[in-house]
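Hi,

Here is the structure I promised to pass on. Have a look at it first, and then read my notes below.

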Amino acid sequence: MREFELKIEEYMLRQGMLSEMESGELRGGESSENVGCGILAAVSGGADSTALLHVLAALKKKYGFPLYAVHVHHGIRQETADRDADFTAALARRLGVPCIIRKVDVPALKLSEKKTLEEAAREARYAILRNEKKRLGLRWIAVAHHGDDQAETVLMHMLRGTGVRGLRGMLPINEDVIRPFLGTRRREIEAYLDELQESYVTDETNFSEVHARNVIRQRLLPVMLQKDPAVVVNLIRLSLASQQIYRDMERQMDSLAERVGLVEETGRFSFSAGAAEKEPAVFMYEFLLSLFGRLAGGRKDFGRIHAEDTAMLLHKETGKKIMLPGGILARREYDRIILEKTDALPGSSHDLRLRVEILPRGAVKEISKKRYTKMIDYDTIKGNLVLRTPVQGDRIKVLPDGGTRKLSRFFTGQKIPAEQRKSWPVVADGQDILWVVGIRLAEGCKVTPATENVAVLSVEGTFPEHLPEEDTQEPRSAKQQ
């Protein structure tokens with residue numbers, strides 16, 4: 001075996017990825033038909049997954065475990081996607097690995113499930129991988145994430161706002177997914193492919209700056225590396241330290257739910273505010289984030305800021321409430337904190353959700369002009385952002401000098417039908433309206449040359465069919481209305 005393959009073997013043994021495959025009965029290929037111990041490799045045809053399949057094929061010769069390759073054709077890039085599928089099939093044939101090609105219409109899923117293209121692709125890919133793993137009776141799904149990917153992930157989580165859990169980055173083993181390359185750098189993988197004289201394909205979407213990860217990879221990290229060549233190594237070390245810290249925290253948090261009197265109901269959690277106040281803040285933040293994830297079906301839309309905002313309810317009077325991503329309402333009811341899943345925006349007929357991503361100004365190539373994606377100066381936010389419907393007293397700044405207009409007057413000027421005004425979605429910071437969704441972004445929060453951090457606001461869901469044109473004109477008078 002080659003030096004790189006031996007390094008990956010040692011890592012997999014140390015992490016427990018090969019523990020059930022090194023026993024005597026599994027050596028020598030005698031049990032290649034056994035199930036429950038094999039690996040399903042996710043292969044895109046790119047450099048990383050091509051190297052992964054080579055390494056696993058070499059280990060299969062030594063350990064005799066079942067090995068299959070699966071390539072998912074997402075139906076996005078047409079001709080180049082067909083090329084990638086053909087390349088993967090040919091690679092697997094050369095290595096003697098059975099290969100499964102599965103096609104899925106991700107653009108159609110994006111529309112039907114109201115997700116971003118990236119989310120729809122990822123969810124469809126993992127659904128296919130798990131279906132094939134189950135069908136074949138295998139134990140692991142192997143993906144090719146490596147150390148440089150880990151550094152990008154940790155940095156992305158930091159920029160979005162995260163706690164200790166997010167600083168862990170990707171785990172070597174996460175349920176049935178293993179990452180044999182996580183202790184390896186990208187340059188080592190490329191050197192291994194050069195040694196093999198192996199080719200690979202390149203996905204052109206890897207260079208698109210639509211996705212935050214690509215912005216970090218192509219713009220932000222290179223600048224950081226110029227300042228400190230050890231930045232990737234330091235981020236990897238941070239992830240390893242955070243993984244250990246979080247394991248220790250989990251042991252201490254095992255009985256937290258009992259200590260705060262957590263009551264679980266369908267689509268709703270509640271716990272004692274008084275008991276929660278006595279807990280360490282960092283434990284409560286992680287506890288809240290876990291509850292958000294359980295209610296929303298995932299934690300990707302939640303950051304530490306949401307946990308901190310919810311924890312503020314511990315010090316508020318009864319009746320106080322905030323709206324969170326994923327349609328979750330958090331409120332104080334006497335001595336209880338209530339978290340509950342709502343079916344839609346309160347008071348609205350629209351099924352909407354707000355996504356917030358925080359980026360440094362240098363990572364933003366151009367200001368979004370999309371109707372339902374806006375960028376604002378993150379540091380102008382005073383409290384917490386909430387996607388809600390209008391309430392009495394709402395005002396929106398319409399002039400750079402701070403001139404405001406009552407939201408009701410603004411709607412009149414925009415000729416919004418009276419029956420739609422009460423349910424129109426707005427993004428608010430207290431009673432300051434920062435964005436009348438689909439119509440107007442307020443003054444005072446817009447990105448300027450002095451902006452250091454940018455909040456990218458995206459609202460997804462079903463909007464009214466007939467919208468007025470976006471209002472980009474300033475009123476003629478600076479007088480407050």
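**What I found**

Strand β4 (residues 140–142) and strand β6 (residues 177–178) pair in parallel through two bridges. In that pairing, Ile141 has Val177 of β6 as its bridge partner. Helices (H or I, at least four residues) and strands (E, at least two) are DSSP runs, numbered from the N terminus, and two strands pair if DSSP finds at least two bridges between them.

Before going on, note that this is a predicted model: local features need pLDDT of at least 70, side-chain atom pairs count only at pLDDT 80 or more, and totals for chains, interfaces and linings use all residues. Residues are numbered from 1 along each chain as its sequence is written, and side-chain values use heavy atoms, with hydrogens and water left out.

**The sheet around β4 and β6**

Both strands belong to an open sheet of six, in the order β3-β2-β1-β4-β6-β5, with mixed pairing. β3 (99–103) and β5 (173–174) are the edge strands with a single partner each, so one side of each has no neighbour in the sheet. Helix α3 (residues 79–95) packs on this sheet and touches β2 (67–73) and β3, its direction making about 170° with that of β2. Contact here means heavy atoms within 4.5 Å; axes are lines fitted to C-alpha atoms, for helices over the stretch in contact, and angles run from 0 to 180 degrees between N-to-C directions.

**A loop residue: Met17**

Met17 sits in the loop between α1 (3–15) and β1 (39–42). Is Met17 buried or exposed? Its relative accessibility is 1%, so Met17 counts as buried (under 20% relative accessible area; exposed is over 50%, partly exposed in between, with a 1.4 Å probe and protein chains only). Leaving aside neighbours within four places in sequence, Met17 is in contact with residues including Trp140, Ile173 and Ile178. Met17 and Arg139 are 122 residues apart in sequence, yet 9.9 Å apart in space, C-alpha to C-alpha.

β9 (residues 321–324) and β10 run antiparallel, joined by four bridges, with Lys321 opposite Arg331. Three residues lie between them in the hairpin, and Gly326 in the turn has a positive phi of about 75°. β10 is also joined to β11 (residues 336–341) by six bridges, again antiparallel, and Ala330 stands opposite Leu339. In this hairpin two residues lie between the strands, and Tyr334 in the turn has a positive phi of about 55°. Five of the six residues of β10 (residues 328–333) are buried, so the rest of the structure largely encloses this strand.

**Helices meeting at α9**

Helix α6 (residues 147–160) packs against helix α9 (residues 212–227) at about 100°, their axes 10 Å apart. That makes α6 roughly perpendicular to α9 (65 to 115 degrees; under 35 is roughly parallel, over 145 roughly antiparallel and the rest oblique). The residues of this contact are eight nonpolar, one polar and five charged. (Ala, Val, Leu, Ile, Met, Phe, Trp, Tyr, Cys and Pro count as nonpolar, Asp, Glu, Lys and Arg as charged, and the others, Gly among them, as polar.)

The axes of α9 and α10 (residues 231–253) come within 9 Å and cross at roughly 105°. Leu221, Met224 and Leu225 in α9 meet Val231, Val232 and Leu235 in α10: six nonpolar, no polar and no charged.

**Confidence**

Mean pLDDT (the predictor's confidence in each residue, from 0 to 100) is 84, and 86% of residues reach 70 or more. Over residues 22–35 the pLDDT is below 50.

Best wishes
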